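Visitor: Hi! Could you walk me through this one?
Guide: Happy to, here it is.
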Amino acid sequence: TNCKKAHVKIPLLKNHKVEELSTAEGLVGEIDEVLFCPAHPDKTLELYCKNCEMAVCLLCALKNHPMHNTESIQEALNHILPDIEKSTEKIENNIFTLEVQIGSLYNTSQKTKESYAGKRLELSETLQRVTNRLIEVNR
């Protein structure tokens with residue numbers, strides 16, 4: 001999925017355990033994994049820099065984000081979870097709508113195939129009758 005691809009590409013997320021949505025629904029809002037800073041492996045990521053939209057350790061916050069607006073990781077999570085839940089709901093609704101449309105297209109495709117087969121048979125029979133008639137006329 002796109003989420004799994006993001007977790008592979010974004011260095012901060014590479015160590016995340018990616019769960020299927022169906023198994024992760026009960027985990028929303030829980031942080032039970034400690035994340036460490038890529039620049040300072042012994043420091044945990046405790047802050048979220050709103051300016052850079054990234055998690056940072058205290059040392060990085062002081063050195064690289066001194067005048068930036070930061071908040072705790074938990075506060076950032078509490079701010080973005082409602083948006084994530086809304087987006088997830090919209091995506092699930094879109095998936096349902098697409099599945100219904102795919103089903104409808106499949107049914108239409110089957111009916112078209114059946115109609116094509118019927119028309120082809122009808123055309124073949126008509127062609128055979130015309131051919132037979134021409135043979136009779138020419139005798």
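Guide: Below we talk about a core, a histidine and a helix. This is a predicted model, where local features need pLDDT of at least 70 and side-chain atom pairs count only at pLDDT 80 or more, while totals for chains, interfaces and linings use all residues. Residues are numbered from 1 along each chain as its sequence is written, and side-chain values use heavy atoms, leaving out hydrogens and water.

Visitor: Which residues make up the largest nonpolar core?
Guide: Eight residues: C37, L45, L47, A55, V56, C57, C60 and A61. Such a core is a set of buried Ala, Val, Leu, Ile, Met, Phe, Trp, Tyr and Cys residues joined through side-chain atoms within 4.5 Å; buried means under 20% relative accessible area, with a 1.4 Å probe and protein chains only.

Visitor: And which elements supply at least two residues each?
Guide: β2 (54-56) and α3 (58-64) do. Helices (H or I, at least four residues) and strands (E, at least two) are DSSP runs, numbered from the N terminus.

Visitor: What about H65, buried or exposed?
Guide: H65 counts as buried because its relative accessibility is 7%. H65 lies in the loop between α3 and β3 (70-72).

Visitor: What does H65 touch?
Guide: Not counting residues up to four places away in sequence, H65 touches C49, C52, M54, V56 and C60. Contact means heavy atoms within 4.5 Å.

Visitor: New topic: which residues are buried in α4?
Guide: A76, L77 and L81 are buried in α4. The cover over the buried residues of α4 includes β1 (47-49) and β3.

Notes. Buried < 20%, exposed > 50% of the residue type's maximum accessible area, 1.4 Å probe, protein only.
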